[in-house]
4 protein chains.
Amino acid sequence: MSDTPAPVCAEDYLELAQRRLAPDVAAYLFGGAEAELAARRNREALDAATLIPRFVRETPPAPPNGPTLFGRRHASPLLLAPIAHQRLFHPDGEAASVLAALAQGVTPIVSSLASTPWPQLRQLAEDEALWFQIYWQGDRAATERLIERAAALRPEAWMITLDAPIGGLRWRLWRSGFRLPPQAVPANLEAQAPTQRTHDLAALLALAPTHDDLAWLRDRLRQPLLAKGVLHEADAEALARLGYDGLVVSNHGGRTFDAAPASLTQLEPIARAVGEKMTVLFDGGVRRGSDVAKALAQGASAVLVGRPYVAALALEGAHGVARCLRLLRDEYAAVAALL
Amino acid sequence: MSDTPAPVCAEDYLELAQRRLAPDVAAYLFGGAEAELAARRNREALDAATLIPRFVRETPPAPPNGPTLFGRRHASPLLLAPIAHQRLFHPDGEAASVLAALAQGVTPIVSSLASTPWPQLRQLAEDEALWFQIYWQGDRAATERLIERAAALRPEAWMITLDAPIGGLRWRLWRSGFRLPPQAVPANLEAQAPTQRTHDLAALLALAPTHDDLAWLRDRLRQPLLAKGVLHEADAEALARLGYDGLVVSNHGGRTFDAAPASLTQLEPIARAVGEKMTVLFDGGVRRGSDVAKALAQGASAVLVGRPYVAALALEGAHGVARCLRLLRDEYAAVAALL
Amino acid sequence: MSDTPAPVCAEDYLELAQRRLAPDVAAYLFGGAEAELAARRNREALDAATLIPRFVRETPPAPPNGPTLFGRRHASPLLLAPIAHQRLFHPDGEAASVLAALAQGVTPIVSSLASTPWPQLRQLAEDEALWFQIYWQGDRAATERLIERAAALRPEAWMITLDAPIGGLRWRLWRSGFRLPPQAVPANLEAQAPTQRTHDLAALLALAPTHDDLAWLRDRLRQPLLAKGVLHEADAEALARLGYDGLVVSNHGGRTFDAAPASLTQLEPIARAVGEKMTVLFDGGVRRGSDVAKALAQGASAVLVGRPYVAALALEGAHGVARCLRLLRDEYAAVAALL
Amino acid sequence: MSDTPAPVCAEDYLELAQRRLAPDVAAYLFGGAEAELAARRNREALDAATLIPRFVRETPPAPPNGPTLFGRRHASPLLLAPIAHQRLFHPDGEAASVLAALAQGVTPIVSSLASTPWPQLRQLAEDEALWFQIYWQGDRAATERLIERAAALRPEAWMITLDAPIGGLRWRLWRSGFRLPPQAVPANLEAQAPTQRTHDLAALLALAPTHDDLAWLRDRLRQPLLAKGVLHEADAEALARLGYDGLVVSNHGGRTFDAAPASLTQLEPIARAVGEKMTVLFDGGVRRGSDVAKALAQGASAVLVGRPYVAALALEGAHGVARCLRLLRDEYAAVAALL
């Protein structure tokens, strides 16, 4: 990468962005919680995982196709992770990433904290499927209003984030002096909560959905519903009992809870526990074709891609997102062919 | 930290102090024994430990409160480790750290080697609880005199240090040319022993309390009595049999015995062995909110904080100690909320 | 190596080549797939392996001789790995390496992609044994034509490469701007396929031989037939059932599939599974005498040497290849004597 | 060490010597075989080992004394490893190290390859005990003549080195251009063999003693006889059956066989296997007081110290050796007291 800025693989966008983004924006995109150990664990677990290829089979496997999720066939095992505030990275923000993802056959998961109006995203997407990510709004009434507004997106599936009831202890970000610029604030929420730095425990805990809230949410929505941020088998089984259709094994990219294990470490036990009952997705450090293959081999049906496409968005807008996703999809295809 | 000197987390005080303290004082504060492997093991064990958060519980856990130790409820699971010679770091020495800790609801453990007169500390603390750390004085008569003088502190609990009968092989310190300045010598002891560098084995061993001495001490004191520096389950069980009320799993911050395992490695087996009979505390490299959570998850009721608050004392006096403890307490609250 | 360019061990050629080769040629020789983790795993596994020497035996072992492979005694346990395009590295290309290897008693495995006409290599080798490496040509007819042309080499044994049906994701190479120069293109193939960068999965998979193709190949050839690139025990057992005479445990030097485990990790289980039925060879990072001893101790009959001799070829032509192989053979002899 | 040249611990002599010795002499002293992995394994195993101190015992242990080896009480658990060619490092050579060691109560093991006449060493030692290290001289007759000449030393015990039948593949040394200067050649051998770089396997193997040779040697000598360089339990048991009195677990400091495991890794199984029948000593990277304690905890009766005292000899002659040994003995005493 030192000589040529042209990315030859999806991962290159991360390095390029680290060199070119404004320091505070880079701190926002790349920073993790506390000592950033959980983010490092994600990569270490992926790097350490191996796959043993087979070349001599009496019945050769069918070429891997994209997965079928909730009755719809996807073109590849990639999904666009719900990243907040995308106009922070590029003026086109979520409009660029949604359009580019759809062009590559990748379903975007639109964030509660999108900086672009949801109706506009729905219009751009025409008839293509979108998913929607829910942040619990502190209580059912506020969450109900969020859902009603998000109905404008006509989500094919809903995904509630469990693992970030509060912002993490993001030292790198705080040191950078980062402030969310006006164009990147949530465009669809009732009111902007001030940046959350309180640590009153009772107040913090009150922001998270209870078990009954999660049951209410399941009843409230007719479409498939997933939970994001699951690391514990017992949580996975509780979600299955609540009737959730899927879950995302994720430690939120190491951004909130630095003591968390690597996402990959938790994937296999969770997939074994609930994989027959629920759709298990993976999120946590994916940046290479072989990462995708490793997550799939350990039980995921598809993987969420986050930082790489945002880095590409920051550098090249919609064109970058499309290129990043195409590179990653092709990398996965090549790796899958070698397996 | 390279751009801004304002600490955003408790750990920042360590880095700031390493850059700003006089080299010999930094060597005293940060140096460990021999090759400093035990100190490194402390951090490696804490960094490697993980906690799996839960988000879906039918019965949500009560928000964690500070622990109740010997009948008194503490505001947080933090205790101020007994650090000697604090006027070495700041003219206000122990007076500053005791006042700041009490202001943050953290109980200080006053050192045998405090450089501030104990009656003065008692006066500053008004009616707040203090604990007192005992260094065995070579024999019972001298230790008896120490206890009598320390009674001026009216300690709520006593804590005898077992693991530093002699000074360690502190190469970094010795190379620094460090000498204890006059204002930092023990203000409460009978006579200053010259810096201990003899290695006559019999003489060294005679300085440590015997099993009978420990039994005598238990009988001698009416208040709760803890032993600090326990790493072996058999020692923990022997202390339980002697009637000790608690113990601190600690390798003395790696300052005395470089072959010692990480404190954290020993915590869980010791807590399993005696946790129902004794109060088990943890000491050994704590500098982050997640460290506190990890020690508690492995069986500690509370943790001792040492170097971070001394670094803060050195840089900002009582104000620094208070800020450091508040940062750490808030970090822990945020981590606990995410669990 | 910093002071003197004279190699004292075979491994020195690697360092010398890394410093002296044109960057794109070095990228071709040393680059691996994706993040080059598989290549690193090869070395880490070899470095971590240990051998416990014995000095007190009632019956001393016979001095180790070169292995007997398919009825012929070899002078050492080294074989020349089939490396493509050798005129890329030196004008004398395969002619130099074949001659030098034979002079050192090492059997060369000539590549399908040799840049020197096979009849010329047969002539240079006089009556010495050569082996031939087959790349499947997409279908049986094209592979049949390859075999017919390769018959000019009168191979003592054939070796089909299983693990590189497509080129790997070789980022380092692609970034280097490498293009195969005219003098290094395959000199013996029907037509030059353009550099393979397509990732159409179905097209890629069609290039690999099926189970039936492998059976056909076995029937087609009268001489011993080995398969190269085996990492999975089940593949090894399937090859044994197909009547293959041997296999090479190899991850292709980490050049194609970055998620592959280290070759050495797979050697012992494969040797245990099929070692009595087949000749098991090893390929994967060998560059020192102790590497050879480790692979043999874990069940290989001989090892393929690749990058070291090509580095020597690049730097010193036939003379370098001969010196590199002699150094490695002598290193192995010294290590074997110490065992 | 960067500011002050005064060593505060034994290990400091290693760093000082690495900075001050002529490069080729440093290469001779510090270089290992091949990639120097075995030397690194020695240190990694010692650094990774931990000891759990005990402070609460009903029956306190007697202060550790030096061991009794073959009926004689030693002042400390240290022995001077037999290092060849000591006049390479200092004009006073073995005379300096023998005198200094005896002054510190440490028994020297005089090398077959000493550069000082053995009668002179006997004279300097007056009535103190010396041990003698035997290199097998290729056959019994030549070895018999070596023993007869070495009788001038009146060795209390003999130690035959098993693990260096040939010189190792010492790349660092060879690159340094090292040649043994005239004053450092063996002063007591029949004829100087030219530096051994041949790799004719049969010739190399013929230089090593056979099982029968080892039995002959045992019969030949009336004093205690040890074997140095044992790493395999089966060798240890064979030596016990041959009537050997002791052994040294050693990988020759990683100087001969780079695939060897760490000495420490092999110590405990060997001590368990033969510790009741034989005196088990340890050699392999010892440079700190805690290293000595770790080896003793894993079953060694005493440890051989090598490179540290030679570094001290090179820098400060007899004075340095004495200081180095006193530092190491005091370090061990302090560590033992803390246990």
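How many residues does the contact take from chain A and from chain C? In this predicted model, the contact takes 30 residues from chain A and 32 residues from chain C. Between them, chain A and chain C bury about 2900 Å², and 71% of this area lies on carbon and sulfur atoms. On the side of chain A, the residues that lose the most area to chain C are A:Phe55, A:Val56 and A:Leu338, which together account for 25% of what that side buries.

Polar groups also take part in the interface. Between chain A and chain C, 7 residue pairs are found in polar contact, both residues at pLDDT 80 or more. The interface also holds 2 salt bridges. One salt bridge joins the side chains of C:Arg175 and A:Asp12, with 2.3 Å from N to O. Because a salt bridge requires a side-chain nitrogen of Lys or Arg within 4 Å of a carboxyl oxygen of Asp or Glu, the pair C:Arg175 and A:Asp12 qualifies at 2.3 Å. As for secondary structure, the elements of chain A that give two or more residues to the side touching chain C are α12 (289–297) and α13 (307–338). Of the side of chain A that touches chain C, α13(A) gives the most, with 7 residues.

The arrangement of the copies may be considered next. Two copies of a chain are related by a rotation about an axis and a shift along it. Chain B is superposed on chain A by a rotation of 90° with 0.0 Å of shift along its axis, at an RMSD of 0.0 Å. This is the relation of a four-fold axis.

Strands of a sheet pair through backbone hydrogen bonds, either parallel or antiparallel. One pairing in chain D illustrates the parallel case: strand β4 (residues 107–110) and strand β5 (residues 131–134) are joined over 2 bridges. Within β5(D), D:Trp131 is the bridge partner of D:Ile109.

Definitions and conventions. Residues numbered from 1 in each chain as written. Chains lettered and ligands numbered in written order. Predicted model: local features only at pLDDT ≥ 70, side-chain atom pairs only at ≥ 80, totals over all residues. Heavy atoms only, no water. Least-squares fit on C-alpha atoms with pLDDT ≥ 70 in both. Pairing = 2+ DSSP bridges. Helix = DSSP H or I, 4+ residues; strand = E, 2+ residues; numbered from the N terminus. Contact = heavy atoms within 4.5 Å. Buried area = accessible area lost by both parts, 1.4 Å probe. Polar contact = N/O pair within 3.5 Å; in protein donor to acceptor, adjacent residues only side chain to side chain.
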